[in-house]
Amino acid sequence: MENLLNEIVEEVINRVKKEAFIEVEASGRHVHLSKADMEALFGKGYELTKAKDLSQPGQYACKERVMITGPKGSLKNVIVLGPCRSNTQVEVSLTDLASLGLKAPVKQSGDLEGTPGLKISVDDKEVNVNEGLIVAKRHIHMTPQDAEKFVVHDNEEVNVKVFGNRPLVFEGVVVRVNANYKTYMHIDYDEANACGFQKGTFAKIVK
C-alpha cells in the first residue's frame, strides 16, 4: 500500500512539474564543425561517430574530441556535437575565454557575425577559423504547444527562476520556439555553478 501511495505521489509531482516547470540542462564547452573543417581535422570522407543522442531531436554528442587554442592557452578534449553545420561554431563559457585569452560576445547559436576565431586541432592537424567563437546566450528550446501554454513567443526574452541548490533568477533568457524542439532550458557551466545546478533541476518562467 505504501509503495502504491509513493508511486501516486511521484506521478502527481511529475505531472505538476511538466505543466508548470521547465527542465534545465547545463552545456559544457563544445564545437559544431562544418563539413570542410571536419574533413580537414579527421580526413576526407570522414563521418562523425555518434556517442549519444541529446535532448534536441537530431542532435548528438560525438566520440570525437578536439583542442581549441587562443593566444593565452588551450582547452583539450572539447566534445564535438553533430551533425555538421554550414559554419563551424565554438561555444564556451566566460571562464573558458579567460583561459584562452580571448574575448567573445554573448550571442544566440548561429549568429556568428562579428565573432572572433581561433585554432581547432586534432593531433598534428589544425584549422584556423576566422569567426565562430561565442558564449551562448541562455535560452529555452520550446515546442509551439508549450509556448502557448506558457504564453510566450519566439525570440521573446523572459526572466526564469532556476530551482537549483542556490536558486536564482536569470534575466534575458531567450525563448526559441520550433516544432522540431523539445522543451528544455540551456545554461552554461558558469551559470550552472552559480545556481547550484544538478541533474533534474527545474525552472519556472517569472512574469
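## Ground rules

The model is predicted, so local features need pLDDT of at least 70 and side-chain atom pairs count only at pLDDT 80 or more, while totals for chains, interfaces and linings use all residues. Residues are numbered from 1 along each chain as its sequence is written, and side-chain values use heavy atoms, with hydrogens and water left out.

Let's start with strand 13, residues 168-177, which runs parallel to strand 11 and is joined to it by four bridges. Helices (H or I, at least four residues) and strands (E, at least two) are DSSP runs, numbered from the N terminus, and two strands pair if DSSP finds at least two bridges between them. In this pairing, Ile-140 sits opposite Val-175 of strand 13.

Strand 13 also pairs with strand 12 (residues 157-162), this time antiparallel, through five bridges. Here Glu-157 faces Val-174 of strand 13. Strands 12 and 13 make a hairpin, with five residues between them.

## Thr-143

Thr-143 is in the loop between strand 11 (139-142) and helix 4 (144-150). With a relative accessible area of 15%, Thr-143 is buried; that label means under 20% relative accessible area, with exposed over 50% and partly exposed in between (1.4 Å probe, protein chains only).

What does Thr-143 touch, not counting residues up to four places away in sequence? The list is Val-177, Asn-178, Tyr-181, Lys-182 and Thr-183, where contact means heavy atoms within 4.5 Å.

## Salt bridges

The whole structure has ten salt bridges, each a side-chain nitrogen of Lys or Arg within 4 Å of a carboxyl oxygen of Asp or Glu. One of them pairs Arg-29 with Asp-96, with the closest N and O atoms 2.9 Å apart. That pair links distant parts of the chain, 67 residues apart: Arg-29 is in the loop between strand 1 (22-27) and strand 2 (30-34), and Asp-96 is in helix 3 (residues 94-100). Asp-96 is buried at 7%, whereas Arg-29 is partly exposed at 34%.

Within helix 2 (residues 35-42), Glu-39 and Lys-35 lie four residues apart, about one turn of the helix. Lys-137 and Glu-157 form another bridge, 3.7 Å from N to O. Lys-137 lies in the loop between strand 10 (133-136) and strand 11 and Glu-157 in strand 12, so this pair ties together parts 20 residues apart in sequence.
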